[in-house]
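Please look over the sequence and the model before reading on.

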Amino acid sequence: MQFRDLPKQYEVLKAQIDAAMIRVAASAHFISGPEVKELEKTLTEYVGAKHCITCANGTDAITIAMRAWGVGKGDAVFVPDFTFFSSGECPADEGATPIYVDVDQRTYNLDAAKLEEAVKKVIAEGKYKAKAVVAVDLFGLPADYPAIKAVCEKYGLLLLEDAAQGFGGSINGRKTCTFGDISTTSFFPAKPLGCYGDGGAIFTDNDEWATLIRSICVHGKDMSNPNDPNAKYNNVRLGKNSRLDTLQAAILLPKFKAFADYELADINKVAGWYTEGLRDTGLVLPEIKDGFYSSWAQYTVQLPEGTDRKKVQDQLKAVGIPCMVYYPKPMHSHGAFTGTDSAVADCPVTERLCKTVLSLPLDPYKTKEEIDLVVSELKKAL
Ligand SMILES: *Cc1c(COP(=O)(O)O)cnc(C)c1O
């Protein structure tokens, strides 16, 4: 069994994806080809944002957002302690100090009450300027934006939505990638909407930021005449070389259609089979609150405390079932932050999750039989 069955997806979409790849190869329009614009238009319409600027990957997307806001030295950026490394790496890379905040143990997402405590503490101490929040839609579930936004508004913080895992999710019908002042996503192959390499996108409703972001993506090019092909040889700020390849955009167009037409609904159905099958096992299952809709980047359960997780994983592996640990380490305890104020955090929920979580095989193409097999083998292993 595949953890996420990308070969199966390719088999289903092969005709369209092959045609798209060949079309781009034949056109030789490899950088900023028409498919890139078409994809950006398609994605803005789908999520309901005003601007979409594609870029090289989801990590660049966060870094570029931070740079557009001028986040840097002396700024505190609040980040969940339980997430993929990029969420904290990017603000730190711009010179800011990530302050790690604990998460909710059922949704795995940033705990808004703890966020407010952390913000108050930073303001009271006065060492850093409380500048921004990176909220993460972990495992596909949108963070608690109504509560997080209230904190951001109260303390004048910018909000970045890291929707690298959250594309397709929603709260009361409003889609992810629209909750942040700037929102970002990733098209890494295993994400809910993945391409065939690295890719990312940045969303915002703010015209000024959108222009700035487009400039940063192409070496800080002059945007006063955006259609001037020589603009990138007039550099008005420091930027990056961060673009989505035409080839990846061309692959994403048919993949997006499948995602919106049936994959998102199907993965919700598959996740529902897990929830049903694992109900009475004593495992803590992911909780989707009323009004929330997940795009299920992962189905992550919590084993009873004290369970030998490695042994469970090995037993499942022996019968051909791959499971993963997302994430084994709290952000604040990564060696990269040793000796900095980012290494100081009080996050008992994250500490416990890192010891107990296990992510099960999941994708829209899994059958009921496959999920039943994982459920029964997992029960056996416990
Ligand atoms: C994958 C991921 C990223 C980074 O995306 P890349 O495209 O791999 O650079 C950022 N944040 C989170 C939460 C992620 O899961």
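Leaving aside neighbours within four places in sequence, which residues is leucine 360 in contact with?

## Leucine 360 and the largest core

The model is a predicted one. In it, leucine 360 is in contact with Phe3, Tyr274, Leu278, Tyr299, Val301, Cys323 and Leu378, once its neighbours within four places in sequence are set aside. Leu360 is also one of the residues that touch the most other members of the largest nonpolar core, which has 64 residues.

The core lies between domain 1 (6–256) and domain 2 (262–381), because both domains give residues to it. In soluble globular proteins, nonpolar side chains tend to be buried together.

## A separate core

Another core lies apart from the largest one. This other core has 26 residues, including Leu115, Ala118, Leu157 and Ile171.

## H3 against H7

Helix H3 packs with helix H7 (residues 207–217) at an angle of about 120°, and their axes are 10 Å apart. H3 is therefore oblique to H7. The crossing of these two helices, H3 and H7, is right-handed.

On the H3 side, the residues that meet H7 are Ile64, Arg67 and Ala68. Their partners in H7 are Leu212, Ile213, Ile216 and Cys217.

## Serine 215 in H7

Helix H7 also holds serine 215. Is serine 215 buried or exposed? Its relative accessible area is 0%, so serine 215 counts as buried, the cut-off being under 20%.

Apart from neighbours within four places in sequence, serine 215 is in contact with Gly220, Lys221, Met223 and Arg237. Aspartate 228 is 13 residues from serine 215 in sequence, and the C-alpha atoms of the two are 13 Å apart in space.

## H9 against H11

The crossing of H9 and H11 is right-handed.

H9 makes the contact through Val312, Gln315 and Leu316. From H11 the contributing residues are Glu377, Leu378, Lys380 and Ala381. Leu378 is also among the residues in contact with leucine 360.

Notes
Residues numbered from 1 in each chain as written. Predicted model: local features only at pLDDT ≥ 70, side-chain atom pairs only at ≥ 80, totals over all residues. Heavy atoms only, no water. Core = buried A, V, L, I, M, F, W, Y, C linked by side-chain atoms within 4.5 Å. Buried < 20%, exposed > 50% of the residue type's maximum accessible area, 1.4 Å probe, protein only. Domains from an automatic or database assignment. Contact = heavy atoms within 4.5 Å. Axes fitted to C-alpha atoms, helices over the stretch in contact; angles between N-to-C directions. Helix = DSSP H or I, 4+ residues; strand = E, 2+ residues; numbered from the N terminus. Parallel < 35°, antiparallel > 145°, perpendicular 65-115°, else oblique. Left-handed = near helix turned anticlockwise from the far one by under 90°.
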